[in-house]
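These are my notebook entries on a single structure. I set down what I looked up, in the order in which I looked.

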Amino acid sequence: MSKTTLLQPLKRASGDITSVTVRKPDVGSLRGLKLTDILQMDVTALSRLLPRITEPALLPDEVAALDPADFLGLSAAVVGFFATAEMVAAAEADLLRH
C-alpha cells in the first residue's frame, strides 16, 4: 500500500479527502486493461484502475477532477507496484552513481 497526500483535496459532502491510499492491484482489478497502458501511465487506463484500488474509493468523476500533480503521484504509486526488488535496487544504484 502507498499513501499519497493530495495537493488539492477532493470535496465530498462527508468531508474533504486530503490523502488517498493506493493498494497493489490484483489481477481482478486489472481486468479489461492493458499492462502496457498502465506502465506507460496512460490517463485513460489509470482513470479506470484508480477507482478500483484506492481508499477511500475514488469515483470516476473524482479521478477526472484530480489536480494533474495529484494524478501523477497516484499513477507513480501504481506503477511502482510493478517493479521487482532487483529493478528497485538497480535504480537506486544508478542514482548513487550520479
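Predicted model: local features only at pLDDT ≥ 70, side-chain atom pairs only at ≥ 80, totals over all residues.

Residues are numbered from 1 along each chain as its sequence is written, and side-chain values use heavy atoms, with hydrogens and water left out.

I read helices (H or I, at least four residues) and strands (E, at least two) as DSSP runs, numbered from the N terminus. Helix α4 covers residues 68–80, and its 13 residues should span 18 Å at 1.5 Å a residue; the expected span is 1.5 Å times one less than the number of residues. The end C-alpha atoms of α4 are 18 Å apart, which agrees.

I then asked which residues of α4 are buried. They are Asp-70, Phe-71, Leu-74, Ser-75, Ala-77 and Val-78, where buried means under 20% relative accessible area, exposed over 50%, and partly exposed in between (1.4 Å probe, protein chains only). Seen down the axis of α4, these buried residues fall within an arc of 155 degrees, so they line one face of the helix; the arc is that of the directions from the helix axis to the C-beta atoms. The buried residues of α4 pack against β1, β2, α1, α2 (43–53) and α3.

Val-20 lies in strand β2 and counts as buried because its relative accessibility is 0%. Leaving aside neighbours within four places in sequence, I found Val-20 in contact (heavy atoms within 4.5 Å) with Ser-2, Lys-3, Thr-4, Leu-6, Thr-54, Glu-55, Leu-58 and Leu-74.

I located Ser-29 in the loop between β2 (17–22) and α1 (35–39). Is Ser-29 buried or exposed? Ser-29 counts as buried, since its relative accessibility is 4%. A polar atom of its side chain lies 2.8 Å from the backbone oxygen of Asp-26. Beyond the neighbours within four places in sequence, Ser-29 is in contact with Arg-23, Leu-49, Arg-52 and Ile-53.

Side chains of opposite charge can pair when their charged atoms come close. I counted a salt bridge where a side-chain nitrogen of Lys or Arg is within 4 Å of a carboxyl oxygen of Asp or Glu, and the count comes to three.

Arg-12 pairs with Glu-62, the closest N and O atoms being 2.7 Å apart. This pair links distant parts of the chain, with Arg-12 in the loop between β1 (2–10) and β2 and Glu-62 in helix α3 (residues 60–64), 50 residues apart. Arg-12 is partly exposed at 26%, whereas Glu-62 is buried at 11%.

Asp-16 pairs with Lys-11 at 3.2 Å between the closest N and O atoms. Asp-16 is partly exposed at 44%, and Lys-11 is exposed at 64%.

Arg-97 pairs with Asp-94, with 3.5 Å between the closest N and O atoms. Both lie in helix α5 (residues 85–97), three residues apart, about one turn of the helix. Arg-97 is exposed at 62%, and Asp-94 is partly exposed at 33%.

How values were computed. Polar contact = N/O pair within 3.5 Å; in protein donor to acceptor, adjacent residues only side chain to side chain.
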